[in-house]
Amino acid sequence: MSQKYDITMKNIFSDMADDIMSYFLGLQYTKIDELNIEFARVERRDSDMIFKCTTDKGNVAVHIEFQSDNDEKMPYRMLRYSLEIMEKHNLLPYQIVVYIGKNNVKIENSLSYDFGEQNTLDYRYKIINVGEIKYTDVVETDYYDLYSLLPLMDQNRRKEEGEKYLERCVEAIKSIPIDINKKKDIAFKAEILSGIVYKREIIEKVFSEVVRMFRIEESETYKMIIEKGIEKGIEKGIEKGIEKGEKEKSIKIAKKLLEEGMDIDKIAKITELAKEEIKKLIN
């Protein structure tokens with residue numbers, strides 16, 4: 001079953017924008033404004049993140065897409081997005097796909113053809129494979145928002161160490177010298193994203209102490225998800241979120257959340273189902 005991590009995507013990743021542009025891209029900018037573009041004509045979806053950045057080379061639109069599976073159509077989508085960005089905002093797009101999938105990345109990053117001087121295309125965008133980023137490279141920096149991605153990083157080490165690697169990530173988050181509320185938020189995001197590469201029982205075991213220590217339910221991202229519902233879902237099939245009073249939809253969502261490793265207490269808060277009713281869904 002392919003895993004789609006589109007849970008209120010902007011809530012999960014928005015705080016990372018500055019760190020992604022500085023750490024991953026080495027982009028120097030003095031001003032940043034978020035641009036809201038709905039690609040209604042080509043995809044009928046919202047972009048993940050688009051920012052207008054003022055750089056020493058002029059204004060650009062930094063477009064960041066998060067991808068958890070290998071979409072063979074990605075180059076076509078990105079090209080269509082770039083055209084809409086230029087058309088709507090008259091800005092040159094700087095496009096990045098941040099790959100957070102479990103499997104090795106197999107996405108092409110270019111489209112080209114050449115039928116002579118008057119008919120050519122040479123289009124490219126940048127792909128960042130989070131699994132190739134070394135754990136030590138990140139924890140030795142002060143890009144703390146990126147710590148939410150630690151469970152997805154260092155693919156070879158993660159596979160070799162298994163559960164111990166996830167424990168290492170949790171310890172790193174607990175040790176961040178920042179405000180406790182910000183730390184809660186980072187821990188909650190890391191727990192959600194861990195579900196891409198770890199089984200539910202391992203996540204519950206490793207994060208149980210963190211939940212008690214931080215009371216993660218108080219994190220700002222958690223509150224946003226509770227208030228807004230799950231807008232796009234943990235996995236394909238949960239696209240409209242939670243609607244109060246519709247029990248059948250709540251049960252369907254609860255089943256999906258169980259499959260993706262979320263604990264019963266959190267599912268009860270999100271779906272407003274009784275804990276005993278959720279426990280029956282496990283079997």
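## Handedness and overall make-up

A helix crossing is right-handed if the near helix is turned clockwise from the far one by less than a right angle, and left-handed if anticlockwise. In this predicted model, α6 passes α7 with a right-handed crossing. The crossing of α11 with α12 is right-handed too.

The protein chain holds twelve helices and seven strands. It has 283 residues, and 48% of them are buried. Take the contacts between residues at least 6 apart in sequence: 61% of these join residues at least 24 apart.

## Helices α6 and α7

Two packed helices are described by the angle between their axes and the distance between the axes. Helix α6 covers residues 163–174, and helix α7 covers residues 180–194. Their axes come within 10 Å and cross at roughly 165 degrees. Angles over 145 degrees count as roughly antiparallel, so α6 is roughly antiparallel to α7.

From α6, the contact uses L166, I173 and K174. From α7, it uses K183, I186, A187, A190 and S194. By class, the residues of this contact are five nonpolar, one polar and two charged.

## Helices α11 and α12

Helix α11 spans residues 264–271 and helix α12 spans residues 275–282. The two pack at an angle of about 115 degrees. Their axes lie 9 Å apart.

I264, D265, I267, A268 and T271 are the α11 residues in the contact. They meet K275, I278, K279 and I282 of α12. The residues of this contact split into five nonpolar, one polar and three charged.

## Nonpolar cores

The largest nonpolar core has 48 residues. Within it, F13, V62 and L149 touch the most other members. Helix α6 gives the most to this core, with six residues.

What does L149 contact, leaving aside its neighbours within four places in sequence? Its partners are F13, M16, I100, V130 and L193.

A second core is separate and has 13 residues. Among them are F188, I253, A254 and L273.

Key
Residues are numbered from 1 along each chain as its sequence is written. This is a predicted model: local features need pLDDT of at least 70, side-chain atom pairs count only at pLDDT 80 or more; totals for chains, interfaces and linings use all residues. Side-chain values use heavy atoms; hydrogens and water are left out. Axes are lines fitted to C-alpha atoms, for helices over the stretch in contact, and angles run from 0 to 180 degrees between N-to-C directions. Helices (H or I, at least four residues) and strands (E, at least two) are DSSP runs, numbered from the N terminus. Angles under 35 degrees count as roughly parallel, over 145 as roughly antiparallel, 65 to 115 as roughly perpendicular and the rest as oblique. Contact means heavy atoms within 4.5 Å. Ala, Val, Leu, Ile, Met, Phe, Trp, Tyr, Cys and Pro count as nonpolar, Asp, Glu, Lys and Arg as charged, and the others, Gly among them, as polar. A nonpolar core is a set of buried Ala, Val, Leu, Ile, Met, Phe, Trp, Tyr and Cys residues joined through side-chain atoms within 4.5 Å. Buried means under 20% relative accessible area, exposed over 50%, partly exposed in between (1.4 Å probe, protein chains only).
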